[in-house]
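Subject: Structure for you to look at

Hello,

Here is the structure I said I would pass on. Please open it beside this message and follow along.

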Amino acid sequence: MACVSKFMKLLTPEECVSNEMVLPDEFFEKYAHHIPIVLYPYDGWSFVNDHFPGRNPVDKVVPPFYFIDNIAAMIPNRVEYVLSDGQRIVGSYCHSECELTGLASLCHILGVPNLKALNLLVFSYEGGGTFKIAVFDKSMLEIPVHVNVHQNVSNSPAFRILVQQSHMLEYCHGVGISKDFRNVTDLWLTQDSFTTYSDNRCWRLEIKKRRDWTRTEIHGGWIQFRDDMQLGIGDVCVFQFKNDTLHNFNVRVIKKIRIAS
């Protein structure tokens, strides 16, 4: 039987100096008949985040001072978030801003528009740049995560690009990926890259997102890719998943039919 395995409780002053605490009502009523004696292992430094500043915060959280003061120096720039079902999300830690980023993927997996739609997040640092994340609802019950990210994005094609006149300029300033493919682009970092393959050739394309998260664009690598593939205005590049990652794609080109004059 599926069972919510955790709950979150904010301790009262009395409970902080006692060896007992009162279970949340909804948790007790639902699961009291099969609650065993449980020892919850301490996995290291943890913190709770229930404050998400900004109008539509989708990507970042700032750990509290005590966490930064004790742990931040040991956190690498690249981090991974591990969800309750074992899924891993790649993120990053900005030492200058003391921010954990890359949480837009969590919003996408849970089907919420931004972090404000969540009540509370618990981050547990496991070392080596790995954080476990638990998500709790307004009743302080953990929200189970059963969705597999690769099932969400495994339908081919992953995304398409219609080659436009601006994409053919000598100095192309970015090739936008349509919002129709946000099920893929939302899972990339603010600055990311992927490798695309055609026959025995491959290209590394660099990705950047605008600060308002409304647009994802290909920047570095596009001109070489465009020239090697001999693209023209009106051609369509179809990118399909090569394997179970978000960073490897096969590409095929559907050429525009050009009528000779």
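Below is what was found in it, from the whole chain down to single residues.

The model is predicted. The protein chain has seven helices and 14 strands. Of its 261 residues, 41% are buried. The accessible surface of the chain is about 15600 Å², and carbon and sulfur atoms hold 52% of that area. Among contacts in the chain with a separation of 6 or more, 55% are between residues 24 or more positions apart.

The largest nonpolar core contains 26 residues. Phe159, Trp188, Phe194, Phe225, Phe239 and Phe249 have the most contacts inside it. At least two residues of this core come from each of these elements: strand 8 (159-162), strand 9 (175-177), strand 11 (201-209), helix 7 (222-228), strand 13 (236-241) and strand 14 (248-254).

With neighbours within four places in sequence left aside, Trp188 is in contact with Phe159, Ile177, Phe194, Ile207, Lys209, Thr216, Leu246, His247 and Phe249.

Last, a loop residue. Leu83 sits in the loop between strand 3 (78-82) and strand 4 (88-94). Is Leu83 buried or exposed? Leu83 counts as buried because its relative accessibility is 5%, and buried means under 20%. From Leu83 to Leu106 the C-alpha to C-alpha distance is 8.7 Å, while the two are 23 residues apart in sequence.

Regards

Definitions and conventions. Residues are numbered from 1 along each chain as its sequence is written. This is a predicted model: local features need pLDDT of at least 70, side-chain atom pairs count only at pLDDT 80 or more; totals for chains, interfaces and linings use all residues. Side-chain values use heavy atoms; hydrogens and water are left out. Helices (H or I, at least four residues) and strands (E, at least two) are DSSP runs, numbered from the N terminus. Buried means under 20% relative accessible area, exposed over 50%, partly exposed in between (1.4 Å probe, protein chains only). A nonpolar core is a set of buried Ala, Val, Leu, Ile, Met, Phe, Trp, Tyr and Cys residues joined through side-chain atoms within 4.5 Å. Contact means heavy atoms within 4.5 Å. Accessible areas come from the Shrake-Rupley method with a 1.4 Å probe; for residues, only the protein chains shown count as cover.
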